[in-house]
Amino acid sequence: MSQLTVGKDVLSYCTKCKLNLGHTIVAMKDSKHIAKVKCNTCNTMQAYKDPSVSSKQNKTRTRKTASAPSKAISVSDLWMEKMSSTKKKSTPYAIDGKFHQGDIIDHLKFGPGIVEKVVDDKIEVIFRHEIKTLVHNKP
Ligand SMILES: [Zn+2]
């Protein structure tokens, strides 16, 4: 299990983007509780919001055990879940490529990742160890 520390990426609900997005931890309450995070997409600093509390309520129950509901979802857990739930083939990442939500990309440095969100010429990609915002669709 990965340790939560300042500078790490976590999934949190962004009050500005109104989405569960990758955030960077900027302050910890204690070793297990995140105090403040910064949205990787809009750079807004805000209190950490556990995404498993605010959403997923009306979805069919996952087969995960119902223990520790307040535990933060680590990026690698999320990555694993996304990668195992898609049958898409990966495309090599290129700055002039055009990607869509749900696409699997292969990044030279970060490895395989899944496109979580597309905002104009930027894509937010979940990689094994971190969530990155990359540029795409550049001529
Ligand atoms: Zn945001």
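Visitor: Which strands does helix α2 lie across, and what angle does it make with β8?

Guide: Welcome! This is a predicted model, in which local features need pLDDT of at least 70 and side-chain atom pairs count only at pLDDT 80 or more, while totals for chains, interfaces and linings use all residues. Residues are numbered from 1 along each chain as its sequence is written. Helix α2 (residues 75–84) lies across β7, β8 (122–127) and β9, at about 100 degrees to β8.

Visitor: What makes a stretch a helix or a strand?

Guide: Both are DSSP runs, numbered from the N terminus: helices are H or I with at least four residues, strands E with at least two. Contact means C-beta atoms, placed from the backbone, within 7 Å. Angles run from 0 to 180 degrees between N-to-C directions, along axes fitted to C-alpha atoms, for helices over the stretch in contact.

Visitor: Why are β6 and β7 called paired?

Guide: Pairing requires at least two bridges found by DSSP. Four bridges join β6 (residues 104–107) to β7 (residues 111–119), so these antiparallel strands pair. Aspartate 106 stands opposite proline 112 in β7.

Visitor: Why are β5 and β9 at the edges of their sheet?

Guide: The open sheet has the order β5-β6-β7-β8-β9, with mixed pairing. β5 (90–92) and β9 (131–135) each have a single partner strand, so one side of each is left without a neighbour in the sheet.

Definitions and conventions:
Two residues are in contact if their C-beta atoms, placed from the backbone, lie within 7 Å.
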